[in-house]
Amino acid sequence: ELSEPSAPDRPRVGRPARLLALAPPRGPVGVVLLTHGTLQAAVALADGTLRSRRAIDAQVRSLTTGFVEPSLALLDEALSDVSLTRADLACAVIGLPMPLVRGRGLAIPNPSLAPLPGWVRTVPSIELSDRLGVPVLAENDANLGALGEGHFGAAAEMTSFIYIKLVQGIGAGIVIDGRLHRGAGGLAGELSHLHVDDDGPMCGCGGRGCLIMGLHTPHLVDLILPLHPEALDMADLLTLVGEGDVGVCRVLRDLGKVIGRSLADFCVYVDPEGIIVDGLLEGAADPVIDGIRQMLHQCAPPVIASRVRIARGRLGSQAELLGATVLARQYLEGEDARSDDMAALASAP
């Protein structure tokens, strides 16, 4: 009785099989990142390699004459540091500390409640693209931080997680099944507008008692001023935590509990693998994490709370910059080439 030859015995036809992989996109990426306190410009490769970086002190409201000119000046300096020009860029990414609605621009339900410089109404990426001669993508800064930690940092092995930004502004970036979740109106992760006080002051979002109103400014240092009026910056806060200051650790733990209460509900809805806390906190992240963990175990089902990993981010000040390179690579490789991205860079309503 004859039988078919086994697979190894069959003659092979054609060339031997070869494993092919996509080459990384060519050309550096320009990054301009505005946070609550700093305007940064960087030149990076799509694989996350940072070639150069420049920064100045800046706020949204301090850029009264516009965003484009100071951004271009800073980016030109960063390009010059590595002997490059605008013509060498493959694309650019802007990170802004505000929610962006795909196809429309800035997401503020009632702009009259939150007076901002005129350039915010236009999200100036169209002008920046015209000046640079390359596509320019815009993204919320916390979303960029989530992309950075998800590809290069503490969430590199996670497919679903939330990144909590606390130092240079308050916000969150959400990744579900490996993809950034922006929400129906670009407002997913707007942690600064988490409701924490029924009788709190009115907020620019139109609500009252938002978390950001309790902080008064985006910087955590304000939380400890009643205890340590001499504290001037994050370095002072970190020093106090390192010295084991009970009051400062209590304030940060309470902050973690406030955020953790909502995260407990989030974990029930999403069942994420992890919660990543802003790496800029350094050692001050530990009491914040303690507060979050306490509320998860108190308010979420044990089967969920026990497997959610809560970790400090590993990238610190580079989280958003590296996240911008991830967004650029996705765009250049066609993974996230959203047709309305460029429209979102046009004028806001």
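The following exercises, each with a worked solution, concern the secondary structure and packing of a predicted model.

Residues are numbered from 1 along each chain as its sequence is written, and side-chain values use heavy atoms, with hydrogens and water left out.

**Exercise 1. Describe the sheet that contains β4 and β7, and state which helix packs on it.**

Step 1. Helices (H or I, at least four residues) and strands (E, at least two) are DSSP runs, numbered from the N terminus. Two strands pair if DSSP finds at least two bridges between them.

Step 2. The strand order is β3-β2-β1-β4-β7, an open sheet of five strands with mixed pairing. At its edges are β3 (50-58) and β7 (136-140), each of which pairs on one side only. On average, neighbouring strands are turned by 15° against each other, direction ignored; axes are lines fitted to C-alpha atoms, for helices over the stretch in contact, and angles run from 0 to 180 degrees between N-to-C directions.

Step 3. β4 and β7 run parallel and are joined by five bridges. Val 93 has Leu 137 in β7 as its bridge partner.

Step 4. The helix is α2, which touches β4 and β7 and whose direction makes about 145° with that of β7. Contact means heavy atoms within 4.5 Å.

**Exercise 2. Which residues of helix α2 are buried, and where do they lie around the axis?**

Step 1. Buried means under 20% relative accessible area, exposed over 50%, and partly exposed in between (1.4 Å probe, protein chains only).

Step 2. In α2 (residues 125-132), the buried residues are Ser 125, Leu 128, Ser 129 and Leu 132. They lie on the same side of α2, because their arc around the axis is only 100°; the arc is that of the directions from the helix axis to the C-beta atoms.

Step 3. An α-helix has 3.6 residues a turn, so residues three or four places apart point the same way.

Step 4. After α2 comes Gly 133, with a positive phi near 80°.

**Exercise 3. Describe the sheet that contains β11 and β12.**

Step 1. This open sheet has five strands in the order β10-β9-β8-β11-β12, and its pairing is mixed. β10 (179-181) and β12 (309-312) each have a single partner strand, so one side of each lacks a neighbour in the sheet. Neighbouring strands are turned by 25° against each other on average, direction ignored.

Step 2. Strand β11 (residues 274-277) and β12 run parallel, joined by four bridges. Opposite Gly 274 stands Arg 309 in β12.

Step 3. Helix α8 (residues 285-299) packs on the sheet and touches β11 and β12, its direction making about 165° with that of β12.

Notes. This is a predicted model: local features need pLDDT of at least 70, side-chain atom pairs count only at pLDDT 80 or more; totals for chains, interfaces and linings use all residues.
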